[in-house]
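Please look over the structure below before reading the notes. They are arranged by topic.

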Amino acid sequence: MPNNLPRHIVRLLFLLGFLLFLALVAKSYLTDPSFYEYGHYRADAVPELASGEPVYKGSAYCLDCHDQRKADWSVGAHVVVQCEVCHGINREICLNPGRDHTGNVKSAIAKDTIRLCTTCHLALPARPASQPQIVLGQHPFPDEETPQCYTCHNPHSPSNRESPAEEAARALAVTEPAAELAEAVSKCARCHGKQGQGRNRTPALAGMEAAVFIELMNNYKSGNSESKTMIKFANRLSDEEIVELARYYENLPVPPPD
Amino acid sequence: MTNDKKKTERREFLCTTGKALAGLGVAASGGTLLAAEAKEDTAGLAAKAASFPTKDYDWTKHRWAYGIDATKCIGCLRCVEACKVENDVVGDANHFRTWVERYVYLEGEDHALVDSHADQQNIAASGSESEYRFDNRYKDEKVSKAFFMPKICNHCAHPACVQVCPVGATFRTEDGVVLIDHDYCIGCRYCVQACPYGARLFIEEEGVSDKCTWCYHRITKGLMPVCVEVCPTGTRVFGDLNDASSPVSEFIENNQVQVLKPESGNAPMCFYVGLDKDVS
């Protein structure tokens, strides 16, 4: 057959063969040696892609140092919001084991909390009803030049209406009752709260005027009430104990308005 | 007379040698091609794949999948922002590895109005191209139904993007993650065109394609992808299908799930709860 092929065809075939040879040589030089190891791709790319350093550290990392936040954040409704979502990430932390926060790309404490909080809490038609939402024009903001959400809402535990500052002040101000009152106070505290702040339907006692306290307790003692519980408790206390309790609760800091 | 004979002999010798070389060349190329084919066939086998080139992580032990419960999404876009920060994605409104769409049915309308945070109006509402929020354009309208729909690369089991890549720059790993080798990508964007979900993007400055990697650098270390980690409502779940107690296995078991565009044949590995007729 080769003898019958016209010469120009034969030359073409030689040329093609030569080009094919060149292509194979080029391929073996240009292809990465790890290509085809696992498939039609460069196998070395996989460990390269897996080796990146994570940027987001996760809330556990922040709580390592900021453990005073753990108490309210971990039990509040915002436990689902990670620290870095509101407080920003710090690329520097990855490189700086001393946990230097100066490279933070966001301001650590938001300057405009209305803008920050409405990111999730602005009422939008597409948001599911289970998400607490506010309509800006209808929400009672504090009467300040730049109102902030944290004036009324604890950002780390939003169901607790006190701001972190108020909470701290109240914690400092609580006095321990005298030894003989301690037992009585602990019984009241079961419903009225350790700081007399009240709970759900149980009213707050902290800051109540002593005269009012005494009158209410006397009413209970005389059975003049619908609350069988309070009648029972009042009758267990002597008049002197009631006066002491009244004085104790009068001096406790008033909880913020509901 | 002798010269002619010599010339003929020389010519014949050259012709024969030339043909022999050409023949060898063809045979050699055929041989290497076949060998390469054979290598590709065996390459997928677990035996080879078990020797994953990074220590501490065995890719044959995992089968990653993703879940989205769109009924929970509040459109806060923390996932979008987190992804951009974690993965150093271009900070404008044209490059997203994951994004959220909003579907709004006004009263009396049969079809949804669709917008995403990359919409001009939403960019104006947020104030910049690198901050993301949805605006409140429907606050005075009568809306009968509305919801958010997060979207992400589906890391399909039979990805069209991998099939069309001419150079083998995009591929699917043994643990089910579709990745891009930026060193090999030539920037032809055939994959961007091929993806039925619009999940792939092109980075102009680098001249390569890019897409969600399910934070491969995190999941190989036992962490979650960042979008899953920051989502406050539990809309996004991720996990190992080989582990029955992983979030995604429980998600699939406890919900009636769907995928986007099942007819495309891509076999996506991102499972949705709350898809709607107008979502594509």
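The notes below cover chain A, one of its helices and its contact with chain B.

This is a predicted model, in which local features need pLDDT of at least 70, side-chain atom pairs count only at pLDDT 80 or more, and totals for chains, interfaces and linings use all residues. Residues are numbered from 1 along each chain as its sequence is written, while chains are lettered from A and ligands numbered from 1 in the order in which they are written.

**Chain A overall**

- Chain A holds 12 helices and zero strands, where helices (H or I, at least four residues) and strands (E, at least two) are DSSP runs numbered from the N terminus.
- Of the 258 residues in chain A, 20% are buried; a residue is buried if 20 or more other C-beta atoms, placed from the backbone, lie within 10 Å of its own.
- Among contacts in chain A with a separation of 6 or more, 52% join residues 24 or more positions apart; two residues are in contact if their C-beta atoms, placed from the backbone, lie within 7 Å.

**Helix H12 of chain A**

- H12(A) spans residues 239–250 and has 12 residues.
- From first C-alpha to last, H12(A) reaches 17 Å, close to the 16 Å expected at 1.5 Å a residue; the expected span is 1.5 Å times one less than the number of residues.
- The buried residues in H12(A) are Ile242(A), Leu245(A), Ala246(A), Tyr248(A) and Tyr249(A).
- Seen down the axis of H12(A), these buried residues fall within an arc of 165°, so they line one face of the helix; the arc is that of the directions from the helix axis to the C-beta atoms.
- They pack against helix H9 (179–192) and helix H10 (210–221) of chain A.

**H9 against H12 in chain A**

- The axes of H9(A) and H12(A) come within 11 Å and cross at roughly 80°; axes are lines fitted to C-alpha atoms, for helices over the stretch in contact, and angles run from 0 to 180 degrees between N-to-C directions.
- H9(A) is therefore roughly perpendicular to H12(A), a term for angles of 65 to 115 degrees.
- H9(A) contributes Leu181(A), Ala184(A) and Val185(A) to this contact, and H12(A) contributes Glu241(A), Glu244(A), Leu245(A) and Tyr248(A).
- By class, the contact of H9(A) with H12(A) has five nonpolar, no polar and two charged residues; Ala, Val, Leu, Ile, Met, Phe, Trp, Tyr, Cys and Pro count as nonpolar, Asp, Glu, Lys and Arg as charged, and the others, Gly among them, as polar.

**Chain A against chain B**

- The contact takes 41 residues from chain A and 53 residues from chain B.
- On the side of chain A that touches chain B, helix H1 (7–30), helix H2 (45–50) and helix H7 (113–121) of chain A each give two or more residues.
- H1(A) gives the most to that side, with six residues.
- The side of chain A that touches chain B has 29 nonpolar, nine polar and three charged residues.

Note on methods
A residue is buried if 20 or more other C-beta atoms lie within 10 Å of its own, exposed if 12 or fewer, and partly exposed in between; C-beta atoms are placed from the backbone. Angles under 35 degrees count as roughly parallel, over 145 as roughly antiparallel, 65 to 115 as roughly perpendicular and the rest as oblique.
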